[in-house]
Structures are given as structure tokens and as C-alpha cells.
Amino acid sequence: MKFGKSICVLNVGGTRYAFTREVIRDFPLRRVSRLIACATEKEVLELCDDYDRDRNEFFFDRHAQAFVFIMLYVRSGKLRFVPGVCELSFYTEMLYWGLESAHLDSCCQKRLDDRMSDIGLDTLSEGDIEDEPQSTGESVQEAELTCRTRWLEKMRKAFEEPNSSLVAQLLASVSVIFVIVSMIMLCASTLPDWDTAKRTTVEEHRIVEAVCIGWFTAECIVRFLVAKDKWDFLRRPLNIIDVIAITPYYVTMAMARAGMPGAGLGVAGVILRVLRMMRVFWLMKLARHFLGLQTLGLTLRRCYREMVMLMVFVCVAMAIYSALAQLLEHGLDLETQNSDYASIPAAAWWVIISMTTVGYGDVYPVTIGGRVLGGMCVVSGIVLLALPITFIYHSFVQCYHELKLRSARYARNLSAEMLR
């Protein structure tokens, strides 16, 4: 459909927004960008409630305040709920304009999940709020218009969200297999007989290692290319861990080509061994595929204040008990000095294993005062460690419930995809 003017006006609940045709064509909201692809006025009215050809104005009978917040997302990339508006009502507006729950900030996603859980609802879809069929011509033109964007989004979900589709599950399974193979080889490389076995099958080991590294490298590059925000991608902890785990292989290969010794006692040999052990960080890749590890990471991120408080408790108690233990075991009686408590740092080791109720038995008090202090140290350690645990436990349950709801939503979408 050829619009008479280069300026398009969106009238949402009485509030007017003016955009050029080029902006409308690349608009982040799917319903708005589809207007350019309409061939007839009838197709336009399938997307909006009314259309004024003379003013080139599209009318949408929707929540004006909700659209203001959606426009803030278009400009800043952050989407939050409207204060005083029901979460489900705003979510319905999001679906109408072509947005999903994944576009919400994490705090608002949690509110939406809790709200859906309260009413026993797993998910909504755009089909739940509109039943108008789309014409074949509009679908073809829309596919041509947004083919690249939709393909990039599918690729991003396939690599970032393992439960979003069958392809994503397949890629996740392959990645887990490569992680397991890499960890087996890393553990086996520390066995005494590994060098002898490696000499007989050196070529096979190099091939397996190269294939694993190649997969991890290709996966990291593809995920970077399809990421919406490249800078945000580089700042994510799991992506930094990926780079740390992959880099040692290429550094090792570069040092080997430079003729540096790989197993010698020099500095180069030590560096190579340290870099080789850094591959253990590959295990962190499993956090993308297992709900338990995701729950643990999310809990630690949300409970960092409680974790800091726990560390402060332990450090303060350790400083006090270390000084008292050194005094009672080594500083008072010069004839029966306990050499294990010759200094406060040495006594700190005994304090920390006592407060955590580990008790290796390598260091222990021999004086009556030291033993009384040891009992107090153990009891106070149990109390101090238990104080923040309640907060951390409730946060863990909350995070697990939130991620489980999200996983159930993906599973439902996957089942619908399989039935199509």
C-alpha cells in the first residue's frame, strides 16, 4: 500500500506519535512495522482500529499510558511495568504490540511469573488477545521485510535458551557432550600413565582436543554475532568464563609453535600447566543447561549482601578467637608453649576449621583455657553460620520457583511447536 505522505502518525488512546516511513519500517514493535507491508486499506484495518488516509494517521484503541512505557523501551531498551496497572493487563498490551515477557527487566519478569502462578496460568500468547486472520499477501511481505531479524532472533534463542526449541535442545546436548569429553580428557591427563598412553595415540588426542575447542570457539563466535547488545554480551560472567576457558588452548599452541618447552621446569612450562588447568572453567558452561546450576547462580547474585554479611561475621570472630588462642596456647605459659599456635595467622587456621566444624585434628589446643575457648569457638561458629542461612534458603526457593515457571513456559511453547 502506497501511503500519500512520508510522515506516519500513530494515535494510541488519544496520544499522537509522528514517525517517518523509514522509522516505521524498522520499528522494534512488530505490529507497527507490519503496517508498511500492507497492500490494501483492509489489511491496514486488520492491524489497527481505524485509518485516516488524508492525514495518514493510524488509530489504536489501546492503553495510552502502557504505550508510553513501551515507547521508553523502544528508546532505552528497558521495559518495566506501569505503576498502578495490573501486570497481566500490561503483559496483554505487550503481546498486542509484539513484545514478549523476555523483554521485561528481571525484576518485572519475577512479578509477572508470581502473578501468573497465583492465578494458575502458565503463559499467554498473542493469539489469546486477537483472532483476526492475516492475509497471505501480508504474511509473505512481512516475512520478506523481517526475515533477517527473525532469523537472528531464532539463532540467538537457539544458542542462549536451550529449552526454546528442538534445535536449541539439540545444540545444548551437543555442547554438554563436548564439555563432558573435555573434562574426562583433562582429568585423565593428570594420571601417572597418561604420558605413556598419549605417546601411542598422540594424533587421536590432538584431534579430539581440537574438535572440542573448535566447537566451543564456533559457539562463542556465533553467540556474539547474533547478540542484540554486543557490549552487554561481553560483560556477562558466563561469556567471560567461556573466553577464559578457550584462550589457553590457543596460547598453548602459540607457545608450542614458538619453540617454548611444554613440560619443562622453566617459567614457560609452569605457564602452560596453569593455562591447561584453566580449562576446568568449561564446567561453568553447564549452567546454561541445568536448572539447578542456574538457581545457584541466581541465588548467589541476589544474596550477595547476605554472603558479605556472613564473611564479615566469620572474619571478625576469626580475628578475636585467633588472638585469644595464640595467647592461651603460646603466650602465657613459656614452659609449655604450643608451637602450632606460635602466631595469630597460624591460630587462624585452627579457628576457621573449628568454626566450620571440620576439625582435621592436625592442630588442637592442649591447655584447659585453650580447650574451653575451642568449645566456644565451635558453638559460636554454628550460630554465626546459621544466621544468614534462612535468608539464603528462602531466596534459593524463590529463584528455583521462578526458573521452574520459566522452564515450564518454554516447555509449553516447545510442545506447541512439535504439534504444528
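This tour moves through a predicted model, one selection at a time.

**First stop: helix α8 and helix α10**

Select F178 and F216. The two ring centres are 6.4 Å apart and the planes stand at 75 degrees, so this is an edge-to-face pair. F178 belongs to helix α8 (residues 166-188) and F216 to helix α10 (residues 202-225), so the pair ties together parts that are 38 residues apart in sequence. Both F178 and F216 are buried.

Stay in helix α8 and select S175, which is placed in that helix. Is S175 buried or exposed? Its relative accessibility is 1%, so S175 counts as buried, the class for values under 20%. To see what surrounds S175, leave aside the neighbours within four places in sequence and display W215, F216, E219, K285 and H289, with which S175 is in contact. F216, the ring partner of F178, is thus one of the residues that S175 touches.

**Second stop: aromatic rings and charges**

A search of the whole structure finds twelve aromatic pairs. Select Y17, F60, F67, Y96 and W97 together: ring pairs link these residues into a cluster. The charged end of R62 sits over the ring of Y96, 3.9 Å from the ring centre.

A further example of a charge over a ring is found by selecting K230 and F224. Here the charged end of K230 sits over the F224 ring, at 6.0 Å from its centre.

Select W349 and Y360. How are the rings of W349 and Y360 arranged, stacked or edge-to-face? Their centres lie 5.8 Å apart and their planes are at 5 degrees, so the pair is stacked. W349 is in helix α16 (residues 344-355), while Y360 is in the loop between α16 and α17 (368-386), eleven residues away. W349 is partly exposed, with a relative accessible area of 39%.

V358 counts as partly exposed, at 44% relative accessibility.

Select helix α15 (residues 304-331) together with α17. Their axes come within 10 Å and cross at roughly 180 degrees. The two helices are therefore roughly antiparallel to each other. On the α15 side, the contact is made by L310, F313, V314, A317, Y321, L324, A325, L328 and E329. On the α17 side, it is made by G369, G370, L373, M376, C377, S380, L384 and L385. Colouring this contact by class would show 13 nonpolar, three polar and one charged residues.

**Last stop: helix α14 and helix α15**

How do α14 and α15 lie relative to each other, roughly parallel or roughly perpendicular? The axes come within 4 Å and cross at roughly 70 degrees. The helices α14 and α15 are therefore roughly perpendicular to each other. Select L300, R301 and R302 in α14, which meet Y304, E306 and M307 in α15. By class, the contact of α14 with α15 has three nonpolar, no polar and three charged residues.

Terms used. Residues are numbered from 1 along each chain as its sequence is written. This is a predicted model: local features need pLDDT of at least 70, side-chain atom pairs count only at pLDDT 80 or more; totals for chains, interfaces and linings use all residues. Side-chain values use heavy atoms; hydrogens and water are left out. Rings of Phe, Tyr and Trp (its six-membered ring) pair if their centres lie within 6.5 Å; planes under 30 degrees apart count as stacked, over 60 as edge-to-face and the rest as tilted. Buried means under 20% relative accessible area, exposed over 50%, partly exposed in between (1.4 Å probe, protein chains only). A charge sits over a ring if NZ of Lys or CZ of Arg is within 6 Å of the ring centre and within 35 degrees of the ring normal. Axes are lines fitted to C-alpha atoms, for helices over the stretch in contact, and angles run from 0 to 180 degrees between N-to-C directions. Angles under 35 degrees count as roughly parallel, over 145 as roughly antiparallel, 65 to 115 as roughly perpendicular and the rest as oblique. Contact means heavy atoms within 4.5 Å. Ala, Val, Leu, Ile, Met, Phe, Trp, Tyr, Cys and Pro count as nonpolar, Asp, Glu, Lys and Arg as charged, and the others, Gly among them, as polar.
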